[in-house]
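Hi,

Here is the structure I said I would pass on.

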Amino acid sequence: MKWSTLVLSLLPLVSAAPKKGQQPTFGENVIYTPPDNYTDPRVLYARTAQLKDGTLLATWENYSPEPPMVYFPIYRSKDGGVTWKELSRVEDTANGLGLRYQPFLYVLEKSFAGFPKDTVLLAGSSIPTDLSSTQIDLYASTNKGRSWKFVSHIAGGGEARPNHGLTPVWEPFLMQYKDTIICYYSDQRDNATHSQKMVHQTTTNLRSWGPVVDDVKYPVYWERPGMPTVAKLPNGKYIMTYEYGGSPVLSGYQFPVFFKVVSDPEAFGAAEGAVLRTTDGYVPTGSPYVVWSPVGGANGTIIASAHSSGDVYVNTGLAEPGTPWRRVATPQPNAYTRHLRVLSNDPSKLLIMGAGQLPPSTTNKVSLSVMDISKL
């Protein structure tokens, strides 16, 4: 299919009024505009979760004036993402430093270690105003996001700056697998050997976490894999996307998107990564995200996003070697670490949410689009 045909297939960007109970599609719906007194970049790094009744929850980095300490806001939509209201705030009750960077929301698919099914988990970084330390912490809500309690410390590190030689931990991603919860994250603590690598830890009780396991690392010190996301495929395998800072695939120090596919999501370390290159030769770069939808044929559709454009990148061949990745336009503008969600109440619909660009940026807003996956 030609690029022009793919673009036209997405129009119009706003659907006709949906029937009652039907998921609407729309483009770039702004749901939060931060006040002018917020600190640059004001908002960033948006994430969502979806409850079994279709309710959507969203959060993001929120750069409100300090003091008081920063927090992760929780907004709720009960109409498929069209309208939103603030529901609660996740505050740093464990450390008193502020929940500052990289929140991630996850809904338990089944009861786990005394936490009931549909408990909402939030992992994010507790970081002081001077950015002198990083701490990935876990919070939980058993009442659909209305209130939150601290559960555990997952990992701690040093100064929260992405510089070679420093030791922060960041960018958590949670996933339930068998009788464990996995937390994938980026880790700079092995700073004598690796500028950064990607790792995971697991838990069977949400309160204590196992040893650090390497998932992606490279022998050249300056090469930095980061920003892991994982999706389960219908053949029982798992795909991980990540950015590969300093990869020789592109000239200069860029962050091309790579991926790995494995049978065991606790064993990404042994797998070889492959660059995501589309049929027109394009290599997306920076802060990727990946999901899978059952729509699109026997294998469904893998959908990836990256910072370098507003497009998504789709693969209907389970990301097996040699299967094509197609580049498809979307109504949602590019953003740093743009978020994807296949809606559980209607898996033919893709939610894309972003919260703007890295600083300096005083115009960031939180917005989302919902589009029809069958038209990708």
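R100 sits in strand β6. Keep in mind that this is a predicted model. With a relative accessible area of 7%, R100 falls under the 20% cut-off, so it counts as buried. Its side chain makes a polar contact with the side chain of E66 at 2.8 Å, and it also reaches the backbone oxygen of P128 at 3.4 Å. If you skip the neighbours within four places in sequence, R100 is in contact with E61, Y63, E66, V70, F72, S125, I127, P128, T129 and L131.

Next, the loop between β5 (85-90) and β6 (99-107), which is where you'll find G96. This glycine has a relative accessible area of 47%, so it is partly exposed. Its C-alpha atom is 8.3 Å from that of S126, although G96 and S126 are 30 residues apart along the chain.

Further along, have a look at β23 (residues 349-354), where six of six residues are buried. K349, L351 and M353 point one way from the strand, while L350, I352 and G354 point the other way. What does β23 pair with? Strand β22 (residues 339-342) pairs with β23 in the antiparallel sense over four bridges, and a hairpin of six residues joins β22 to β23. β23 also pairs with strand β24 (residues 366-372), again antiparallel, over six bridges.

Cheers

Note on methods:
Residues are numbered from 1 along each chain as its sequence is written. This is a predicted model: local features need pLDDT of at least 70, side-chain atom pairs count only at pLDDT 80 or more; totals for chains, interfaces and linings use all residues. Side-chain values use heavy atoms; hydrogens and water are left out. Helices (H or I, at least four residues) and strands (E, at least two) are DSSP runs, numbered from the N terminus. Buried means under 20% relative accessible area, exposed over 50%, partly exposed in between (1.4 Å probe, protein chains only). A polar contact is a pair of N or O atoms within 3.5 Å; within protein, one must be able to donate a hydrogen and the other to accept it, and residues adjacent in sequence count only if both atoms are side-chain atoms. Contact means heavy atoms within 4.5 Å. Two strands pair if DSSP finds at least two bridges between them.
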